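Okay everyone, thanks for coming.

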Amino acid sequence: MRITIDHLTAGAERAEGVAVIIDVFRAYSVECYAYAGGADRIYPVAGLEDAYAMKHRHPDYLLIGERHAKMEAGFDAGNSPAQLSGLPLQGRRLIHTTSAGTQGIAAAKRAETILLAALVNARATAQYIRTLDPDRVSLVCMGFENLRPTEEDTVCATYIRSILERQPYDVNAAAKALRDGPGQRFFVPEH
């Protein structure tokens with residue numbers, strides 16, 4: 001199995017085989033929490049106008065996400081697991097659009113399979129990849145607003161790679177370093 005780690009939309013465009021689009025803070029953590037809360041299906045949508053059009057066609061769907069870390073007008077929630085806590089998710093369908101994560105999905109046109117990952121589902125993602133036994137795995141870190149790589153996405157990619165290669169990796173120490181370092185901004189209570 002050939003495993004590569006790449007970044008941003010350009011990396012997603014190069015992705016082949018099984019592409020794992022990684023957005024730890026927040027997109028794919030949000031999707032994991034939404035499914036854990038009972039969501040039936042999530043439609044990741046790259047374009048903001050496409051997301052609004054889909055909401056118009058399906059007013060019963062919840063519209064979630066962000067642009068430049070801010071919830072847009074008409075959205076039911078932003079791009080934070082905490083913002084999902086008050087929503088009726090059970091059996092619901094969600095439209096999800098973001099500045100980074102959903103852009104990677106749209107760009108990964110050469111991939112045979114697209115998976116979405118964050119630290120909350122990294123081990124399960126790696127275990128699923130093993131069942132597929134692909135020749136090629138492309139781990140794509142979407143970074144901060146799809147503008148620059150981030151440590152948290154790279155940590156997630158490195159962790160998934162370590163599982164696939166059966167190499168040790170102290171994910172708890174890495175997560176603590178993120179919480180005390182560059183990821184600290186995500187652990188400040190929202191107002």
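Let's begin with strand E5, residues 93–97. This is a predicted model, so keep that in mind as we go. Four of the five residues in E5 are buried, and so the strand is largely enclosed by the rest of the structure.

So which strands pair with E5? One is E3, residues 41–44, which runs parallel to E5 with four bridges between them. If you want to find that pairing on the screen, look for Ile-42, which sits opposite Leu-94 in E5. Another is E4, residues 62–65, also parallel to E5 and joined to it by four bridges. There, Gly-65 stands opposite Thr-97 in E5.

Now over to a helix. Cys-156 is in helix H7, which covers residues 151–164. Is Cys-156 buried or exposed? It's buried, because its relative accessible area is 0%, and the cut-off for buried is under 20%. What does Cys-156 touch, leaving out residues up to four places away in sequence? That would be Ile-22, Val-24, Ala-118, Leu-119 and Ala-122.

Okay, zooming out. The protein has eight helices and seven strands, and 48% of its 191 residues count as buried. A compact globule with 191 residues would have a radius of gyration near 16 Å, and the protein has 16 Å, so the two agree. Along its principal axes, the C-alpha trace spans about 45 × 35 × 30 Å.

One last thing, about contacts with a separation of 6 or more: residues 24 or more positions apart account for 75% of them.

Technical notes: Residues are numbered from 1 along each chain as its sequence is written. This is a predicted model: local features need pLDDT of at least 70, side-chain atom pairs count only at pLDDT 80 or more; totals for chains, interfaces and linings use all residues. Side-chain values use heavy atoms; hydrogens and water are left out. Helices (H or I, at least four residues) and strands (E, at least two) are DSSP runs, numbered from the N terminus. Buried means under 20% relative accessible area, exposed over 50%, partly exposed in between (1.4 Å probe, protein chains only). Contact means heavy atoms within 4.5 Å. Two strands pair if DSSP finds at least two bridges between them. The radius of gyration is taken over C-alpha atoms; the globule rule is 2.2 Å times the number of residues to the power 0.38.
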